[in-house]
Every structure is written in structure tokens, then in C-alpha cells.
Amino acid sequence: MHKATCLGENVVPHTLRHTAATWLAINDTPFALTVEYVGISVETYARIYRHHALSYQEQARNAITAKPKP
């Protein structure tokens with residue numbers, strides 16, 4: 001156990017960074033703010049974290065479930 005944080009030894013700074021980025025995505029934090037806060041590129045955010053956002057592909061999801069237009 002890491003003495004300073006009381007976390008398991010397998011928890012490294014990257015684990016906390018990954019968790020923070022995931023939580024920010026889940027909470028629909030604007031991606032520009034997320035990438036700046038966590039210190040990752042827009043490409044990394046898009047590739048790894050964007051799908052966690054609740055709004056991810058919302059327009060497509062709404063279109064699939066919408067009634068057909070007459």
C-alpha cells in the first residue's frame with residue numbers, strides 16, 4: 001500500500017490521470033477543458049475517452065430512435 005495515499009501499490013499517477021479523464025468525460029465536461037486539465041492531446045481524448053461522454057453520438061442515437069418523418 002502506498003503510504004502517502006493509502007492506495008494499492010498498483011495505483012500509479014497514470015491510473016489517477018486516466019480515472020480523472022474518464023470521470024470528466026462521463027460528466028460531459030467540455031473536451032477542451034478536459035484535455036487542458038489532464039494534459040492530454042485532443043487526439044488522445046477522442047481515441048480513448050470521448051465514448052464515455054453521455055452526449056457521445058447523441059444526435060445519432062436520437063435519429064435512430066425518432067419516429068420517421070412523413
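Questions about a predicted helical model

Author: In this predicted model, Arg-17, Ala-21 and Leu-24 of helix α1 meet Thr-34, Tyr-37 and Val-38 of helix α2.

Reader: What makes the contact of α1 with α2 nonpolar, polar or charged, by class?

Author: By class, this contact has 4 nonpolar residues, 1 polar and 1 charged.

Reader: Why are α1 and α2 called roughly antiparallel?

Author: Helix α1 covers residues 13-26 and helix α2 residues 31-38, and they pack at an angle of about 170 degrees. Angles over 145 degrees count as roughly antiparallel. The pair is therefore roughly antiparallel.

Reader: What else describes the packing of α1 and α2?

Author: Their axes are 10 Å apart, and the crossing of α1 and α2 is right-handed. Two packed helices are described by the angle between their axes and the distance between the axes.

Reader: Why is Thr-22 counted as buried?

Author: Thr-22 is found in helix α1, and its relative accessibility is 12%. Buried means under 20%, so Thr-22 counts as buried.

Reader: Which residues does Thr-22 touch?

Author: Leaving out residues up to four places away in sequence, Thr-22 touches Tyr-49 and His-52.

Reader: Why is Asp-28 called partly exposed?

Author: The relative accessible area of Asp-28 is 34%. Buried needs under 20% and exposed over 50%, with partly exposed in between, so Asp-28 is partly exposed.

Reader: Where is Gln-57 found, and what is its phi?

Author: Gln-57 is found in the loop between α3 and α4. Its phi is near 55 degrees, a positive value in a residue other than glycine.

Reader: How do you know whether Gln-57 is buried, partly exposed or exposed?

Author: Gln-57 has a relative accessible area of 48%. Exposed would need over 50%, so Gln-57 is partly exposed.

Reader: Where is confidence lowest and where is it highest among the helices?

Author: Confidence is lowest in helix α4 (residues 58-65), at a mean pLDDT of 86, and highest in helix α3 (residues 42-49), at 94. The protein averages a pLDDT of 87, and 93% of the residues score at least 70. Where pLDDT is low, the predicted coordinates should not be read in detail.

Conventions: Residues are numbered from 1 along each chain as its sequence is written. This is a predicted model: local features need pLDDT of at least 70, side-chain atom pairs count only at pLDDT 80 or more; totals for chains, interfaces and linings use all residues. Side-chain values use heavy atoms; hydrogens and water are left out. pLDDT is the predictor's confidence in each residue, from 0 to 100. Helices (H or I, at least four residues) and strands (E, at least two) are DSSP runs, numbered from the N terminus. Axes are lines fitted to C-alpha atoms, for helices over the stretch in contact, and angles run from 0 to 180 degrees between N-to-C directions. Angles under 35 degrees count as roughly parallel, over 145 as roughly antiparallel, 65 to 115 as roughly perpendicular and the rest as oblique. A crossing is left-handed if the near helix is turned anticlockwise from the far one by less than a right angle, and right-handed if clockwise. Contact means heavy atoms within 4.5 Å. Ala, Val, Leu, Ile, Met, Phe, Trp, Tyr, Cys and Pro count as nonpolar, Asp, Glu, Lys and Arg as charged, and the others, Gly among them, as polar. Buried means under 20% relative accessible area, exposed over 50%, partly exposed in between (1.4 Å probe, protein chains only).
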